[in-house]
Amino acid sequence: MSIEKNTRELDRDIVRDFSARMSYASYLQLPTLLSAQQPVSNPEHHDEMLFIIQHQTTELWLKLVLHELRSAAAWLRSDDLGSALKAIARVKHIQKTLTEQWSVLATLTPTEYSQFRGFLGNSSGFQSSQYRAVEFILGNKNAKMLPVFDSDPAAQEMLCELLEAPSIYDDFLAYLKRQGFEVPASVLERDVSKAHEFCPELVPVFKYIYENAADNWGAYEACEELVDLEDNFQLWRFRHLRTVQRTIGMKSGTGGSSGAAFLQKALELTFFPELFAVRTEIGQ
């Protein structure tokens, strides 16, 4: 086969001159984005590029997750359930992508990682302000995390704002109350800067919604979307744990945590406990 026959002709009207036009690279600021991968190992280790890009892309996806969850919470506060559920549905797809990404990092063997890990100093994913922000907006509030960001005032301000704001679960429960469901006042008036704790009085509310789904379809669908959200988050946590275990075993984390043991404890945390507890009650 000749080269000519295996070469695609360009359409006549394809734009070629970008001296006065916006290009793909300028719109996405690719020179800035693609120059942000700066390995610190010396001599530079081949696999550090994977490590950097894995974490940078995660941060980009987390930025979008925060964007969508903030919007979903605002739509819930304005009783626009449909728009809120659309945003949550998008977050669920992002979560699946984030979870799948761990399989790429898992190709980094313990020997390969050990050759540049020492150059990371105390930098650690534990210090991701966006990850912590996602946890806060979903309800896993923890003021003890704030001092980690003393050296980053902008990140700390964002987290303080989210710490004091209702979680998306708080906003959903307030929405249910406005729709006529008997959400306990103690839940609606709680200190939202604290992590939500299991409230047995909420379970009958969700049991009624589930057992009368046809008459409460919006609320029913929202409950299931939130369950999906938590399931996906737990899967991400689990894949993170397993990737760490296969890469560094039970070593301490670079940021000073106990490593895999610390991540294991996170699997015990829950965002929406009543939505899981109600499963035991349905049909009884």
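This is a short tour of the structure above, stop by stop, with what to select and what is there.

**Before you start**

The model is predicted: local features need pLDDT of at least 70, side-chain atom pairs count only at pLDDT 80 or more, and totals for chains, interfaces and linings use all residues. Residues are numbered from 1 along each chain as its sequence is written, and side-chain values use heavy atoms, with hydrogens and water left out.

**Whole chain**

Show the cartoon. The protein has 13 helices and zero strands. Helices here are DSSP runs of H or I with at least four residues, strands are runs of E with at least two, and both are numbered from the N terminus. The C-alpha atoms fill a box of roughly 70 × 55 × 40 Å along the principal axes.

Now colour by burial. Of the 284 residues, 42% count as buried. Buried means under 20% relative accessible area, exposed over 50%, and partly exposed in between, with a 1.4 Å probe and protein chains only. Next, contacts, meaning heavy atoms within 4.5 Å. Among contacts between residues at least 6 apart in sequence, 71% join residues at least 24 apart.

Switch to the surface. Its accessible area is about 16,400 Å², and 55% of that belongs to carbon and sulfur atoms. Accessible areas come from the Shrake-Rupley method with a 1.4 Å probe; for residues, only the protein chains shown count as cover.

Colour by charge. There are 28 positive and 38 negative side chains, and the centres of the two sets lie 4 Å apart. Lys and Arg count as positive, Asp and Glu as negative; His and the chain ends are not counted. Each charge is placed at NZ of Lys, CZ of Arg, CG of Asp or CD of Glu.

**Aromatic pairs**

Show the rings of Phe, Tyr and Trp. A search of the whole structure finds 14 aromatic pairs. Rings (for Trp, the six-membered one) pair if their centres lie within 6.5 Å; planes under 30 degrees apart count as stacked, over 60 as edge-to-face and the rest as tilted.

Select Phe51 and Tyr113. This pair is stacked, at 5.2 Å centre to centre with 25° between the planes. Phe51 sits in helix α3 (residues 48-77) and Tyr113 in helix α5 (residues 110-114), so the pair ties together parts 62 residues apart in sequence. Both Phe51 and Tyr113 are buried.

Move to Trp102 and Trp236. Their ring centres are 5.4 Å apart and their planes stand at 55°, so this pair is tilted. Trp102 belongs to helix α4 (residues 81-105) and Trp236 to helix α11 (residues 217-248), so the pair ties together parts 134 residues apart in sequence. Trp102 and Trp236 are both buried.

Ring pairs link Trp102 and Trp236 with Tyr131, Tyr169, Phe233, Phe271 and Phe272 into a cluster.

Then pick Arg132. It lies over the face of Phe126, 5.0 Å from the ring centre. The test for a charge over a ring is NZ of Lys or CZ of Arg within 6 Å of the ring centre and within 35 degrees of the ring normal.

**Val104**

Stay on helix α4 and select Val104. Val104 is partly exposed, with a relative accessible area of 43%. Not counting residues up to four places away in sequence, Val104 touches Leu50 and Gln54. From Val104 to Phe51 is 53 residues in sequence and 9.5 Å in space, C-alpha to C-alpha.

**Loops**

Go to the loop between α2 (30-33) and α3, where Pro43 is found. A cis peptide bond joins Asn42 and Pro43, with omega about 5°.

Select Gln29, in the loop between α1 (24-27) and α2. Gln29 is not a glycine, yet has a positive phi of about 50°. Gln29 is exposed at 51% relative accessible area.

Asp79 lies in the loop between α3 and α4. Its phi is also positive, near 65°. Asp79 is partly exposed, at 37% relative accessible area.

Lys144 is in the loop between α6 (129-138) and α7 (153-164). Lys144 counts as exposed, at 73% relative accessibility. The C-alpha atoms of Lys144 and Pro204 are separated by 33 Å, at 60 residues along the chain.

**Last stop: α13**

Select helix α13 (residues 273-281). Pro273, Glu274, Leu275 and Val278 are buried there. Cover for the buried residues of α13 includes α8 (168-178), α10 (203-211) and α11. Just after α13, Gly283 takes a positive phi of about 90°.
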